[in-house]
Amino acid sequence: MNRRHELLPPADSINRLFEANHSDPHSILGMHFDEKLKSIVIRTYDVEAEEVYALVDNKKVKLEKIHDAGLFAAKFPRRKKHFSYKLEKVFGDKNFVTEDPYCFMPGIGEQDVYYFNSGEHQRVYEIMGAHVKTYGDVTGVLFTVWAPNADRVSVVGDFNNWNGTRHMMRLMGGSGIWELFIPRMSEGDVYKFEIRAQNGDVFCKLDPYALKTEKRPNNAAIVAKGTDFDWSDN
């Protein structure tokens with residue numbers, strides 16, 4: 001089996017990824033240990049990227065385009081510890097470097113999910129919507145939305161050319177909650193949620209927990225850090 005094929009994930013996962021209705025893209029994208037290859041495999045999916053590189057330990061490793069639809073991958077020797085990396089994507093004469101959004105653990109805990117689904121969460125606005133977060137030394141925005149009947153939910157905006165295939169979210173079990181941490185996004189960035197319904201229809205929706213929105217006639221949400229306004233009984 002040649003290298004092009006050995007780095008491919010299972011066929012059913014590939015089909016769901018390319019059809020943009022995968023409920024757990026983290027299971028095949030990002031960094032994974034492959035038991036058969038005895039190696040660490042990094043995969044990323046971008047239909048618009050011409051080339052992709054992994055920046056590891058001050059080295060630049062080119063990811064192979066293992067599928068014409070836009071799936072890139074590379075394998076690395078197994079290490080004793082998890083290693084960090086960045087992705088450099090090339091778009092014509094431009095390139096973009098960022099941490100891989102599919103390498104982060106869920107940003108919403110099991111307890112929050114439980115209380116949300118039981119209707120007992122007292123500060124739901126703190127977990128749903130868009131919130132600037134820092135994990136380790138990486139700052140970005142954690143997006144969370146409840147869409148129990150969706151086949152797929154993505155974050156879209158100017159940052160990804162409103163392309164719903166580039167930042168697909170992860171479904172948290174059977175909770176109906178979808179989440180994704182996107183590194184290097186920040187306060188002021190514009191976004192919406194793109195939803196694929198079970199009948200195949202695709203449409204964009206405003207974040208119901210948005211802290212800030214655009215002025216008419218524009219109608220997207222804006223990442224905000226909230227307000228220090230001191231509310232009182234008056």
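Reader: How many bridges join strand β2 to strand β6, and in which sense do these strands run?

Author: Strands of a sheet pair through backbone hydrogen bonds, either parallel or antiparallel. In this predicted model, strand β2 (residues 39–45) and strand β6 (residues 71–77) run antiparallel and are joined by 7 bridges; two strands pair if DSSP finds at least two bridges between them, and strands are DSSP runs (E, at least two residues) numbered from the N terminus. Within this pair, V41 has K75 of β6 as its bridge partner. Residues are numbered from 1 along each chain as its sequence is written, and side-chain values use heavy atoms, with hydrogens and water left out. Because the model is predicted, local features need pLDDT of at least 70 and side-chain atom pairs count only at pLDDT 80 or more, while totals for chains, interfaces and linings use all residues.

Reader: In what order do the strands of the open sheet with β2 and β6 stand?

Author: The order is β1-β2-β6-β5, an open sheet of 4 strands with antiparallel pairing. Strands β1 (30–34) and β5 (64–67) each have a single partner strand, so one side of each is left without a neighbour in the sheet. From one strand to the next the twist averages 35°, where axes are lines fitted to C-alpha atoms and angles run from 0 to 180 degrees between N-to-C directions.

Reader: Over how many bridges do β7 and β8 pair?

Author: Strand β7 (residues 86–91) pairs with β8 over 6 bridges in the antiparallel sense, and L87 stands opposite T98 in β8.
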